[in-house]
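Visitor: I have the sequence and the coordinates open. Can we go through a few places in turn?
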Amino acid sequence: MMLQDKKCPDVCILGLGYIGLPTASLLAAKGFRVRGVDVNDVLIHDLRHGKCAIYEPALDEMVKSALQSGNLTADVKPGEADIFIICVPTPFTSGHTPDLHYVKAAVTSIAPFLRNGNLVILESTVPVGATEKMAEILAEMRPDLRIGQNCSGNAVPVYVAHCPERVLPGRILHELVENDRVVGGIDRESTRKGAEFYRSFVSGNVQGTDSRTAEMIKLTENSFRDVNIAFANELSLICEELGLDVWEVVALANRHPRVNILRPGAGVGGHCIAVDPWFLVSSAPQTARLIRVAREVNDAKPESIIAHTLSAVAGHEHGTVACLGLAFKPDVDDLRESPALFIAEALAGKNISLVICEPHIQCLPPSLQGKPHVQKMNLHDCLQKGDIILALVGHKAFAAVDPDTLAQKTVIDVCGLWRAKQATRHGHEAGGDDL
């Protein structure tokens, strides 16, 4: 396949989640003919009727426009295309080992439609070596094609590459275009073909490497962030034990020109940082010691918050806890691996009276539904009803609350929502600009 053979190749994207759907709609908006595929038939039905299940700024309008133009279609099964992009989830098992069955299912589903000259790109985050394994599966299923080790002579092969996503929820449509990308093929020509495709719509730098290095880069990026967050979270626990204000410690420490401590929080969530480091630990269990400990620190942070909250509840007869936020990070609707949701679920399991405000979702997740002692409320009612205010997520709407209005409440400010305001009113600088 040569991209210059026709203006815009046909693209088949498997997995219409937080990466697949924005990618599909973006490519369609740029003139590619895109077939979006997902095994969730309800999602496909809604999508065909213009309903976007994901909240992301401007995504809803872009999806509708792409569907109306005819450049984007949605189906539960793949079909023939020039380029196949796999964006399916890669969770881990209860033993923290990678679960690649979604990737294998996607690879198996496209095998019948492949032809020499196609480009197959794996965007899902995977352990090192998974892209090569994907090529092996395709070669076994299609011995008539030239894939990987089967490729010899001058015939045009099937090109296989890995290109990890690196976007921020809330800015996905911008960062799909603006961010630098790394493309790693199973051979040099696959790298070149993959890079050529991404350069057709990415304004950032597109760097080429091999598939194993590209896989490792993604795991490295998220493990780096996880380790640094773990330092901040562990620091918050130490400060609590010593009776110190972690926000002041971090703010003033960050005035050192070579120190940049992150903000502590409820833990680590989302499908990337909370998951990907385990792929490295699984690949090198005896060597990835720091990465393992960082994961354990971040996974344990919610437990300390739960214990702190239960202690506060014990001081209030029939006290109600107001949970502010369920998402894994500020100003998104994404609940995947959310420590805030884990905390709310744990408190609900203690039969504590809970009122919950999460402005980015329409209804409570199934794990919190049907419980008479758990209610979803707007922010005003939540603050009125709650005796204990548990700020778990730094949504902008929450940050706008005047902390003086909570003077009669027990406030557990996990994410430092009101720390800057309170410090300023007490006559000293909070250092918030440094965070």
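Visitor: Where is E337?
Guide: E337 sits in the loop between strand 9 and helix 12. Helices (H or I, at least four residues) and strands (E, at least two) are DSSP runs, numbered from the N terminus. This is a predicted model, in which local features need pLDDT of at least 70 and side-chain atom pairs count only at pLDDT 80 or more, while totals for chains, interfaces and linings use all residues. Residues are numbered from 1 along each chain as its sequence is written, and side-chain values use heavy atoms, with hydrogens and water left out.

Visitor: What is the phi of E337?
Guide: About 55°, a positive value although E337 is not a glycine.

Visitor: Why does E337 count as partly exposed?
Guide: Because its relative accessibility is 43%. The class lies between buried, under 20% relative accessible area, and exposed, over 50% (1.4 Å probe, protein chains only).

Visitor: And D331, what is its phi?
Guide: Near 60°, again positive in a residue other than glycine. D331 lies in the loop between strand 9 (320-324) and helix 12 (339-349), and D331 is partly exposed at 25% relative accessible area.

Visitor: Switching to S367. What does it touch?
Guide: Not counting residues up to four places away in sequence, S367 touches L341 and E345; contact means heavy atoms within 4.5 Å. The side chains of S367 and E345 are joined by a polar contact of 2.5 Å. A polar contact is a pair of N or O atoms within 3.5 Å; within protein, one must be able to donate a hydrogen and the other to accept it, and residues adjacent in sequence count only if both atoms are side-chain atoms.

Visitor: Which loop holds S367?
Guide: The loop between strand 10 (353-357) and strand 11 (374-376). S367 is partly exposed there, with a relative accessible area of 33%.

Visitor: Now T90, buried or exposed?
Guide: T90 is buried, because its relative accessible area is 1%. Its place is in the loop between strand 4 (83-86) and helix 4 (101-110).

Visitor: What surrounds T90?
Guide: Leaving aside neighbours within four places in sequence, the contacts of T90 include D99, V103, S124, T125, H271 and F279. A polar atom of the T90 side chain lies 2.6 Å from the backbone oxygen of T125.

Visitor: How many residues of helix 10 are buried?
Guide: 6 of its 8 residues, so helix 10 (residues 276-283) is mostly covered by the under-20% criterion. The buried ones are D276, P277, W278, F279, L280 and V281, and they pack against helix 8 and helix 11.

Visitor: How many residues are in the largest nonpolar core?
Guide: 41. A nonpolar core is a set of buried Ala, Val, Leu, Ile, Met, Phe, Trp, Tyr and Cys residues joined through side-chain atoms within 4.5 Å. Those with the most contacts inside this one are I13, L27, V34, I85, F197 and Y198. Helix 1 (residues 20-29) gives the most to this core, with 5 residues.

Visitor: What does I85 touch?
Guide: Beyond residues up to four places away in sequence, I85 touches V11, C12, I13, L14, L27, I121, E123 and F197. A second, separate core of 31 residues includes I305, A340, L354 and V374.
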